[in-house]
Amino acid sequence: MLRLADGDRSAISPLVEQLWPVLLSYAERGLRDAQAAEDVAQEVLFRISSRISELDRTRDPLSWAFGIATFELMSQRKRRKRRRETFLGDALPSAPEAVESGEDAVIHAELHAALADALGHLSAQDVEQLGLRDAAPAGPATPAMRKRRQRALDRLRTIWRNLYGQS
Amino acid sequence: MVNLETLTTRSLRHYELGRLRMAARVALVLAPLAAICLLEPVGREGCACCAALLLAACIWLRFRSRVGVESVSTGLLAGGIPLAAALMLTRIDPGCATAGPLSTCSALSLLIGATAGAVVALRERSRAPLSGHGLLAVGVALLTASLGCLRLGVASTAGMTLGLIIGRASMRSATAPPR
């Protein structure tokens, strides 16, 4: 590395031969993904080659190289964290319920039934106010409408408490 | 699987580009120096020519090797002394441009050149393992000094060159370890 920093171009070949396996294994250990590790190791090697002319001779060259590698690995990890998109293909669920366990599905069904029962005790006007019908009120909500919705919600809570004893 | 040969070729390309980028950074120092010299009313053509030559030489030397990088640093440092002195002399005594070889201006140039030569010798001593460093540094120092000295005339430029060579030689012999 010092020879290359001094301008000896013939030192690049032995450097690549010796440094490449070390960088690759370091990247593989850091990323646990062979394909991504190879890309990162290449990027690190090119960055080292590009900046080696600025190498401070008082520092240890290998530590300097590993400093660059560590920085690149951390950047790659951050990028992957930010872009966590996994293609699920045919296994893509159509609704959140599809990924539920059997126990969750039973709980959900029971809750739906209980809610339907409680809504049955509400007046048709209240159900409409809660937006549970297709014919939802058009336009922005006025203070009077918000108040009516609040009252309908209070009545639903009271019915729920009377039926199931909890809010 | 990556082919090591391709990797080496691409690494070399990155290395050369990085080296060129590092070498070209000397322009940040040279551009203001050249601008100061070009602002002077006389001798602009010579100054522009010297500046272009100096820039090309510095970039090439820095691109080539570390010896070149060190030589350019030493040369610019040493050459800065006669350059500043020449710019001052132009202001103080405009007659220097037409002065003969045995004038005060030439004597001053010789003295300033000797100081720059001594700086080169001192820096060269601290970088002993770099072969050819001193001569390259003298070349760069001469070009740097010429930015200011050319407008002072042939006698002053020659005096400065002579001073640079004598100063370096004297300092080298004075600081050489005893045999």
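Biologist: How much of chain A is buried?

Modeller: Of its 167 residues, 31% count as buried, where buried means under 20% relative accessible area, exposed over 50%, and partly exposed in between, with a 1.4 Å probe and protein chains only. This is a predicted model, in which local features need pLDDT of at least 70, side-chain atom pairs count only at pLDDT 80 or more, and totals for chains, interfaces and linings use all residues. Residues are numbered from 1 along each chain as its sequence is written, chains are lettered from A and ligands numbered from 1 in the order in which they are written, and side-chain values use heavy atoms, with hydrogens and water left out.

Biologist: Which secondary structure does chain A have?

Modeller: Helices (H or I, at least four residues) and strands (E, at least two) are DSSP runs, numbered from the N terminus. Chain A has 7 helices and 0 strands.

Biologist: How do I read the packing of helix 2 and helix 4 of chain A?

Modeller: Axes are lines fitted to C-alpha atoms, for helices over the stretch in contact, and angles run from 0 to 180 degrees between N-to-C directions. Here helix 2 (residues 12-31) and helix 4 (residues 61-82) of chain A pack at about 35°, with axes 10 Å apart. Contact means heavy atoms within 4.5 Å; among the residues making this one are Leu19(A) and Tyr26(A) of helix 2 and Phe66(A) and Arg77(A) of helix 4 of chain A. By class, the contact of these two helices has 10 nonpolar, 3 polar and 2 charged residues. Ala, Val, Leu, Ile, Met, Phe, Trp, Tyr, Cys and Pro count as nonpolar, Asp, Glu, Lys and Arg as charged, and the others, Gly among them, as polar.

Biologist: Why are helix 3 of chain A and helix 1 of chain B called oblique?

Modeller: Angles under 35 degrees count as roughly parallel, over 145 as roughly antiparallel, 65 to 115 as roughly perpendicular and the rest as oblique. Helix 3 (residues 34-51) of chain A and helix 1 (residues 4-24) of chain B pack at about 40°, with axes 7 Å apart, and are therefore oblique to each other. The contact residues divide into 4 nonpolar, 6 polar and 3 charged.

Biologist: Where is Ala84(B) found?

Modeller: Ala84(B) lies in helix 4 (residues 66-92) of chain B. With a relative accessible area of 40%, Ala84(B) is partly exposed.
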